[in-house]
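Reader: I would like a close look at one part of this model. Please keep it brisk.
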Amino acid sequence: MDFDVVFLSRLQFALTIMFHYLFPPLTIGLGALIVIYETLYLKTRDQLWKSANVFWIKLFAVTFAVGVATGIVMEFEFGTNWANYSRFVGDVFGSALAAEGIFAFFLESGFLAVLVFGRDRVGKKFYYFAAWMVFIGSVFSSVWIVVANSWQQTPNGSLIQQMTNPATGEPWFIDGIPQMRAQMQNFWQVVFNPSSIDRITHVWAGCAVTGGFFVLSICSWYILRNKHLEFAQRCFKVALIFSLLGILGSVLTGDSNARMVAQQQPAKLAAMEGIYKTGDGPTPIHLFGIPNSETGEVDYSIEIPGALSILVYREFPPKTPVIGLDQFKPENHPPVFIPFTSFHIMVGLGFALLGLIIIAFFFWWRRTLFQQRWLMYLFVVSILAAITANELGWVSAEVGRQPWIVYPPMQRTEAGEPLRDADGIIQFQQAEWPTESGSVNLKPAGLRTRDGHSQAVVQGEVLFSIVMFGLIYTLLFFVWIFVLNEKIRKGPAPASEAATAPEGFLRTAGEHAHDSMTSMREGDQDEEGNEDEDNNKKDSSS
């Protein structure tokens, strides 16, 4: 492995985004549950739901704050380590990031202040509206981020052109290399590029799983310790149903995602499934194995014959082989081991969580759910599996598109099939890359990861920043864990202590005025009472 400046920059970005990705799915999933719990409070007027929501909002706010802090770093990395990439995608990527900041982040953060500080200062309906706005803001944020990422996977609505030098207005070359960029042609084609919908829905399902198992884990811990039992059991049941919907959504959208990848990025699917060579018949699916790129085989493979052809082409009986890596030039092959391993562990963890939920529903039906202490212990640690599956899904998707940072679309025949040359190699769409001599080269209409790196950054600088990020993020992680632990140990306030919220700003102001007047009158009465008492003492003595 070559630890050059490009590898170190990729490692730095992977570590920072994987740390950041701990928090957004958690806040989105938890935000949905907060809306559900607040709805239950408004419908039933049960103070327990109100007390529960106050508790979950505290955990949401802490997680949101750490997520925002860790997300800012990546935008600096775009400008430092990946300056060429930023120039290439800036016209497209900048629009999505700007929309995320304007329409999502401000909506989410603004109304979060109402949730955290406004429980007893605004009316119930406005508070409920704020809960929805925080949830919708977090969902909008995920939409724009995933749209930007999806455009990199399946570019659409843009045209690659040479940039002009801002100083001279002439075509721009640096060290003889033309400076190219993807210029937006159609905003809505960018937004609804071929992979956007599949990837957004799959991310949302993953968020539901993460948020649901976060609540299940904490509630199980309370149940095992025999603390806050009514709160924990009620919240557990709601989160269990929510998590089941998230897991089923992950399975459905995962299947749709795989079919989309087979159509748009067959080299990535080949890496995720360890298909080195296109077969003559239906393609099996590997349940387990260790990919060996030297032999082009999957060692110790346990497979289901024809299953991958069934999933991709919906054929019964299966007959069409799935495209393998042998139909791409070697320099365009993604690495296989990481996408294969991360993808299979993600799927395995997903089905393990589904099995855990099914067992829980069985005991719920038997009315002995909370008596199964071994099951509660499994739910306590299940959040680790949910977060790990979420992270590995991202790893398989991002490593699988290498060596491209912006994946070039395939050329297609009139029938929509991939266009191949005489050797059967799949052809990418081409873009014109001019030279300083005036001639034109044709290259795939994408951007290789290595070409997106900044020329101004050196190896030592990147290595130093990795060490510093590691130290700061480790400290930040333990602070987050410490604060969460303190709030979880303290637990929710008893429902009997939950105060009734006033019905609006004016009523709040009126209640404050009423309280002040009452205090003043009590003060006057006390003074009068003392005076009367003194007079009585004088009368009795006389």
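Reader: Which residue in strand 6 stands opposite I285?

Author: I304 does. This is a predicted model, where local features need pLDDT of at least 70, side-chain atom pairs count only at pLDDT 80 or more, and totals for chains, interfaces and linings use all residues. Residues are numbered from 1 along each chain as its sequence is written, and side-chain values use heavy atoms, without hydrogens and water.

Strand 5 covers residues 285–292 and strand 6 covers residues 297–304. They run antiparallel, joined by six bridges. Strands are DSSP runs of E, at least two residues; helices are runs of H or I, at least four; both are numbered from the N terminus. Two strands pair if DSSP finds at least two bridges between them. Four residues lie between the strands, and G296 takes a positive phi near 70°.

Now the wider chain. It has 14 helices and 10 strands. Nine salt bridges are counted, each a side-chain nitrogen of Lys or Arg within 4 Å of a carboxyl oxygen of Asp or Glu. One of them pairs R450 with D4, with the closest N and O atoms 3.2 Å apart. R450 sits in the loop between strand 10 and helix 13, and D4 in the segment before helix 1, so the pair ties together parts 446 residues apart in sequence. R450 is exposed at 51% relative accessibility, while D4 is buried at 15%. Buried means under 20% relative accessible area, exposed over 50%, partly exposed in between, using a 1.4 Å probe and protein chains only.
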